[in-house]
Amino acid sequence: MPGTLTSIEAYQAAILAAITPLGPTSLELAAAEGCVLAEDVTAAVALPSFDNSGMDGYAVRAADVAGAAAGAPAALPVTGEIAAGDIGAYRLAPGTAMRIMTGAQLPAGADAVVPVEWTDGGAAQVAVYQPAGEGNAVRYAGGDAAEGETLLTAGTRMRPMQIAVAASAGRKAVTVRPRPRVVVLSTGDELTEPGTPLVPGRIWDSNSYMIAAAAREAGAVAYRRSVVPDDPKGVLPALEEQLAHADLLITTGGVSMGGEHDVVKEALRELGTVTFRKVAMQPGMPQGFGVIGQGGAGGAGAKRGVPLFTLPGNPVSAYVSFQVFVRPAIAALQGADDLSLPSLRARLTGPVRSPSGRRSYLRGVLDGSKVTPLSGQGSHQIAYLGRANALIVVPEWETQLPADDEGKQHLVPIHHHLG
Ligand code: AMP
Ligand code: MG
């Protein structure tokens, strides 16, 4: 059996080779958050587009306050007041000051702003207690970006900061690859909807909620569908029903190592477009991936085919599989290059074991630069998964690692902000 394992990298490459980014679409800024730019955004005007004040204070000529001191203030008549948004064309006469607010246009002739804190705050005349050099508290036109400068490049994910940049560039809408629509179906006769009573022999379905949530966290719009029973005849119709409104399909369960209840495997095998592999990892060895619905009727989504992941049923296996394989696929659908979870290195506070020839993703608690492996590492142990905030990655060639083996492990935090 070990000889038949596919490496994680080979499997990831096969997946990414089969993914075509979604077509670009124009979305208004409010809807573009989390989407990935399919165009460059350039500055329609210089940023800022006019010289303005960086503080509340007085616009002056630096030369007029050059000799100011606490004991010998410069006294200047105040000839007006300029507020932010005031579009008047003001001119500062030599030897005078104008009250000015943050963001207000600098009057012609002024070359510095004296912060109000350096003055007596006078209305008709102001006493300036300290000199302000040329350019003090002035925000010059183009100081942030020149007109026509590229502010955001295609491939950038529109996070709040980038939304602000596009808005500052005057853009109402941007051309983006939208959030992929992901549909999640869990399979299994044992599954019961949370909120309904449990009878012995059954469990509440957690996978579909978990994977839909993980897909959202990875930038998708995710929907979960009700549980698919272990009936091979029902699996394909349940998937086909989703083709028209999914960019990616995910099932969990029914793909393990060859029981006759592996209904997902059984139902999809005859299609010939979904490949089932044993991947050199733990948990998450049994994996299926392919594209279904190519060329078929049923909407635009069905024509290009919809990528399908069949994840293993054990919740921890499903979670790890999602992070290692599905997350990069969701990013690829958006044409984004932020594919993998962020990783870092930390010190193990306890020993870990790992099967030879398979990469382990063990659940751990990361605290600063130390990580503590959890005692419950079974792939069904969802309670332990809920205590973890990191996955400890043990390479294929290691079978055990001692505690405090500094620098040998790298960690993949589970809780992360989308990059
Ligand atoms: P399977 O891959 O279908 O053989 O399932 C493997 C294990 O995962 C079994 O113990 C299942 O009961 C469990 N399992 C499968 N699907 C789910 C689910 N949606 N939620 C929680 N546990 C599940
Ligand atoms: Mg099952």
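Which residues are linked with E9 and R359 in a network of salt bridges? In this predicted model, the network consists of E9, R359 and E396. A search of the whole structure finds eight salt bridges.

**Salt bridges**

Side chains of opposite charge can pair when their charged atoms come close.

| Pair | Closest N and O atoms |
|---|---|
| D247 and R181 | 2.9 Å |
| R224 and E193 | 3.0 Å |
| D205 and R224 | 3.4 Å |

D247 forms a salt bridge with R181. The pair links distant parts of the chain, 66 residues apart: D247 is in the loop between helix 5 (232-240) and strand 17 (248-252), and R181 is in strand 13 (residues 181-186). D247 counts as buried because its relative accessibility is 11%, under the 20% limit. R181, with a relative accessible area of 28%, is partly exposed.

**Helix 4**

In helix 4, the buried residues include N207, M210, I211, A214 and A215. S208 and A212 of helix 4 are buried too. An α-helix has 3.6 residues a turn, so residues three or four places apart point the same way. The buried residues of helix 4 pack against strand 13, strand 16, strand 17, strand 21 (305-311), helix 8 and helix 9 (382-385). After helix 4 comes G219, which has a positive phi near 105 degrees.

**Packing on helix 8**

How does helix 4 run relative to helix 8, roughly parallel or roughly antiparallel? The axes of helix 4 and helix 8 (residues 315-333) come within 10 Å and cross at roughly 30 degrees. Helix 4 is therefore roughly parallel to helix 8. The crossing is right-handed. On the helix 4 side the contact is made by N207, M210, I211, A214 and A215, and on the helix 8 side by P315, A318, Y319, F322 and I330. By class, this contact of helix 4 with helix 8 has nine nonpolar residues, one polar residue and no charged residues.

Helix 1 (residues 8-18) also meets helix 8: their axes come within 10 Å and cross at roughly 30 degrees. Helix 1 and helix 8 are therefore roughly parallel to each other. Their crossing is right-handed. Helix 1 contributes I8, Y11, Q12, I15 and L16 to the contact, and helix 8 contributes V324, F325, P328, A329 and A332. The contact of helix 1 with helix 8 comprises nine nonpolar residues, one polar residue and no charged residues.

Conventions. Residues numbered from 1 in each chain as written. Chains lettered and ligands numbered in written order. Predicted model: local features only at pLDDT ≥ 70, side-chain atom pairs only at ≥ 80, totals over all residues. Heavy atoms only, no water. Salt bridge = Lys/Arg side-chain N within 4 Å of Asp/Glu carboxyl O. Helix = DSSP H or I, 4+ residues; strand = E, 2+ residues; numbered from the N terminus. Buried < 20%, exposed > 50% of the residue type's maximum accessible area, 1.4 Å probe, protein only. Axes fitted to C-alpha atoms, helices over the stretch in contact; angles between N-to-C directions. Parallel < 35°, antiparallel > 145°, perpendicular 65-115°, else oblique. Left-handed = near helix turned anticlockwise from the far one by under 90°. Contact = heavy atoms within 4.5 Å. Nonpolar A, V, L, I, M, F, W, Y, C, P; charged D, E, K, R; others polar.
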